[in-house]
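Here's a quick briefing to read alongside the model. Have the sequence and the 3D view open as you go.

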Amino acid sequence: MRYLDRGIWLATGLVLVGGCDHKQSGVAAPATSAPGAAISASAPAPRLAPVAAGVDEINPRLLRRFQPVGGAAASQTPAPDKVALGRALFYEKRLSRDSRVACNSCHSLTKYGIDGRPTSTGVDGQRGGRNAPTVYNAATHIAQFWDGRASTIEQQATGPILNPIEMAMPNEQAVVAALRSVPAYADMFRRAFPGERQPLTLKNVGEAIGAFERGLVTTSRWDRFIAGDSSALTAVEKHGLRVFLDAGCMVCHTGPQVGGTMFQKVGAVIPWPNQQDEGRSAVTKTAADRMVFKVPSLKNIAETAPYFHDGSGADLETAIHKMGLHQLGVDLEDADVKAIAAWMRSMTGEIDPAYIAAPAQQADSPQAPTKTL
Ligand code: HEC
Ligand code: HEC
C-alpha cells in the first residue's frame with residue numbers, strides 16, 4: 001500500500017499549497033518538489049514501483065476525488081427552442097467572414113468535438129497557436145479556453161466568431177446582417193428569446209450556442225463505475241486506474257470530468273519543452289501564472305488526439321508518459337502507460353446522434369446581399 005499512501009500524500013501536499021481552491025489560479029507547488037527532492041531535466045526521473053498484480057481494489061477515499069464538489073450542480077435544462085437555434089448556429093458557416101468555417105469545422109461533433117490537428121486552421125487557412133479542445137462536457141469546467149479567459153460557455157461562444165484567425169467576422173453588425181439574410185432565423189430567435197424586442201444580437205447567438213453545448217454531455221462506463229457499479233470496469237481497466245492513482249495524476253485530474261476543476265502549471269516538475277505560449281499569465285498579468293493552463297477533462301480522451309495546448313502529444317501513450325515526467329517527475333514504464341491508457345478508454349462516452357444531427361441548411365432569402373470574401 002506504500003504507493004497508495006504516496007498518492008494520498010501527494011494529494012494532501014497539493015491541497016495544503018492551495019490546489020483545493022478551485023478559483024485560485026496560483027500554481028500549486030508540485031508535491032514532488034519537497035525540500036531536497038528537486039528534479040532537474042538532466043537527472044533521470046525515478047520510476048514508479050510496480051503496482052502489485054491482483055491487488056486492484058481501489059481505495060474508496062481516492063475515488064471520492066471524482067465525485068462532484070459540494071453536491072451535484074443544479075441541472076438547468078435550457079428551453080428546446082433555444083437549443084434548436086444553438087444547434088443550427090453551431091453548424092452555421094455564415095458566422096464566418098468567408099462563409100466557410102463553422103464551430104463544427106474545428107469541433108466536429110461526430111469526432112468527439114475536435115478537429116484532430118495539432119493547432120486549428122481558421123478563415124483563409126490561417127493557423128492558430130493552440131489545439132482545439134473538445135466541446136463535449138466543456139460546460140461544466142471552471143472556465144473556458146486553455147487559459148480560462150471566458151468564464152462561461154455562453155461567453156466563450158462569441159469569441160471565435162470575432163477572432164480574426166478563426167471565423168473573422170469584423171463586428172456584431174456583420175454577424176446580425178449575415179443571420180438576417182436567412183429568413184428562418186428571425187423566427188427562431190423570436191421563439192428562443194420570447195419577449196425581447198430585438199432578439200437577434202451577438203449576445204443571444206452566444207446564449208443559444210451555449211444552451212446547445214450544455215447538452216453535449218457524454219456518459220461512459222467510467223461514469224457508471226463512479227456512480228457505484230464496480231462491474232462497469234474490467235480488471236485491466238481497474239489496474240490502469242490504480243496506476244493513475246498511485247502515480248498521483250488525480251491530484252490535478254479530479255472531479256466528475258477527471259479534470260476541468262483547476263488551473264495548474266504545465267511542467268510543474270520538469271519545465272515544459274515549448275515555452276512560447278505562457279498561458280494564463282497573459283490573462284491575469286501575474287508572473288506566477290506563467291505556463292499555467294486549465295487542467296483538461298480526461299473524458300473521451302482516447303478520441304481527442306493530438307494532445308496539449310500546443311498539440312505536442314501525438315498519441316495517448318506519448319501524452320501519458322509526458323505528463324508523468326513533466327507533472328510528477330516519474331518516468332512511467334511502458335506497461336504502466338499502457339495500463340493507464342486502457343483505463344482511459346473506459347471514459348469514451350456515447351454520443352447521441354439525434355442531439356447532434358445537423359439541421360437542414362437554412363435557405364438564403366432571395367434578397368440577401370451576396371457576401372464578398
Ligand atoms: C478555427 C477553429 C475554431 C473555430 C471555428 C471555433 N473554435 Fe472553439 N476553439 C478552438 C481553439 C483553438 C480553442 C482553444 C483556444 C484557446 O484556448 O485559446 C477553442 C476553444 C473552444 C472552447 C473551450 C473549451 C474548453 O475546454 O476550454 C469552446 C467551448 C469552443 N471553442 C466552442 C466553439 C464555438 C461555440 C464555436 C463557434 C462559435 C467555435 N468554438 C469555433 C478552435 C475553433
Ligand atoms: C500538477 C498537475 C497535473 C498532474 C499531476 C497531471 N496532469 Fe495531466 N494535465 C495537467 C495540465 C495543466 C494539462 C494541460 C497541459 C497543457 O496542454 O498545457 C494536462 C493535460 C493532460 C492530458 C492532455 C489532455 C488534452 O486534452 O490535451 C493528458 C492525457 C493528461 N494530462 C494525463 C495525465 C496523466 C496520465 C497524469 C499522471 C501521470 C497527469 N496527467 C498528471 C495537469 C496535471
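This is a predicted model: local features need pLDDT of at least 70, side-chain atom pairs count only at pLDDT 80 or more; totals for chains, interfaces and linings use all residues.

Residues are numbered from 1 along each chain as its sequence is written, and chains are lettered from A and ligands numbered from 1 in the order in which they are written. Helices are DSSP runs (H or I, at least four residues), numbered from the N terminus.

**Helix α12 itself**

- The 13 residues of α12 should span 18 Å at 1.5 Å a residue, and its end C-alpha atoms sit 17 Å apart, which agrees; the expected span is 1.5 Å times one less than the number of residues.
- Buried residues of α12 include Leu316, Ala319, Ile320, Lys322 and Met323 (buried means that 20 or more other C-beta atoms, placed from the backbone, lie within 10 Å of the residue's own).
- Among the things covering those buried residues are α10 (235-247) and α13.

**α12 against α13**

- The axes of α12 (residues 316-328) and α13 (residues 334-345) come within 9 Å and cross at roughly 115°; axes are lines fitted to C-alpha atoms over the stretch in contact, with angles running from 0 to 180 degrees between N-to-C directions.
- On the α12 side, Leu316, Glu317, Ile320 and His321 meet Val337, Lys338, Ile340, Ala341 and Met344 of α13 (contact means C-beta atoms, placed from the backbone, within 7 Å).
- By class, that contact has 6 nonpolar, 1 polar and 2 charged residues; Ala, Val, Leu, Ile, Met, Phe, Trp, Tyr, Cys and Pro count as nonpolar, Asp, Glu, Lys and Arg as charged, and the others, Gly among them, as polar.

**Around ligand 2**

- Ligand 2 has 27 residues around it, with Cys249, Cys252, Tyr307, Phe308 and Met323 the closest (near means a C-beta atom, placed from the backbone, within 6 Å).
- α12 gives the most to this shell, with 6 residues, and α10 also supplies at least two.
- The shell around ligand 2 holds 20 nonpolar, 7 polar and no charged residues.

**Around ligand 1**

- Of the 26 residues around ligand 1, the nearest are Cys103, Cys106, Gly122, Phe145 and Pro160.
- Two or more residues of this shell come from each of α4 (103-106) and α5 (153-162), and α5 has the largest share, 5 residues.
- Sorted by class, the shell around ligand 1 has 15 nonpolar, 8 polar and 3 charged residues.

Definitions and conventions: Two residues are in contact if their C-beta atoms, placed from the backbone, lie within 7 Å. A residue is buried if 20 or more other C-beta atoms lie within 10 Å of its own, exposed if 12 or fewer, and partly exposed in between; C-beta atoms are placed from the backbone.
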